[in-house]
Amino acid sequence: ISEINISINGGSTAALVGHSGAGKSTIINLLPRFYDPTNGNIFIDDQNISEVKLSSLRKNISLVSQDIILFDESVRANIAYANNSASEEEVIKACEFAAADEFIKKLPDNYETMIGENGVKLSGGEKQRISIARAFLRKSKIILLDEPTSSLDSETENKIQLALKKLTENKTTI
């Protein structure tokens with residue numbers, strides 16, 4: 001990617017469109033500083049993100065992608081990872097918004113069910129809904145979506161689309 005200039009108004013939604021390999025994910029990954037640009041600068045609210053504390057920057061960004069990282073922990077722990085001080089009620093509310101509560105209640109130990117390394121005991125759609133619940137719980141001002149509905153069946157995709165619509169309401173979404 002070279003010589004690119006993007007300006008997005010706060011509270012709006014912008015879509016990056018292009019063929020596979022065009023750099024859409026690269027741009028998404030530059031915003032939370034998973035890596036830094038070799039040239040140029042990125043500004044959020046007139047602040048150069050390279051001059052902002054990484055923890056502060058990432059506290060204000062939630063990423064929902066096709067590649068979800070889950071831990072060999074309980075469902076609750078995986079969701080609360082977004083906000084370790086969240087109450088039980090806040091975790092459940094985030095799951096309700098993300099349409100995750102319905103499948104979690106069917107798990108053997110509900111929110112205490114161990115999901116295995118990288119969520120091996122969950123389907124792709126269930127993992128996505130956990131990721132969306134995390135983003136709700138984080139309450140970030142910026143939401144990054146990197147193909148969050150790829151490889152899902154149509155019924156699951158519809159549930160996730162509705163959850164994403166709630167998640168991105170009044171947020172800056174890319």
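Is Ser62 buried or exposed, and what is its relative accessibility?

Author: This is a predicted model, in which local features need pLDDT of at least 70 and side-chain atom pairs count only at pLDDT 80 or more, while totals for chains, interfaces and linings use all residues. Residues are numbered from 1 along each chain as its sequence is written, and side-chain values use heavy atoms, with hydrogens and water left out.

Ser62 has a relative accessibility of 3% and therefore counts as buried (under 20% relative accessible area; exposed is over 50%, partly exposed in between, with a 1.4 Å probe and protein chains only). Ser62 belongs to strand 3, residues 61–65 (helices are DSSP runs of H or I with at least four residues, strands are runs of E with at least two, and both are numbered from the N terminus). Neighbours within four places in sequence aside, Ser62 is in contact with Ala135, Arg138, Ser140, Ile142, Ile143 and Leu144 (contact means heavy atoms within 4.5 Å).

As for the setting, the protein chain holds 7 helices and 5 strands. Their order from the N terminus is α-β-β-α-β-α-α-α-α-β-α-β. Of the 174 residues in the protein chain, 41% are buried. Among contacts in the protein chain with a separation of 6 or more, 73% join residues 24 or more positions apart. Along the principal axes, the C-alpha atoms of the protein chain fill a box of roughly 50 × 35 × 30 Å.
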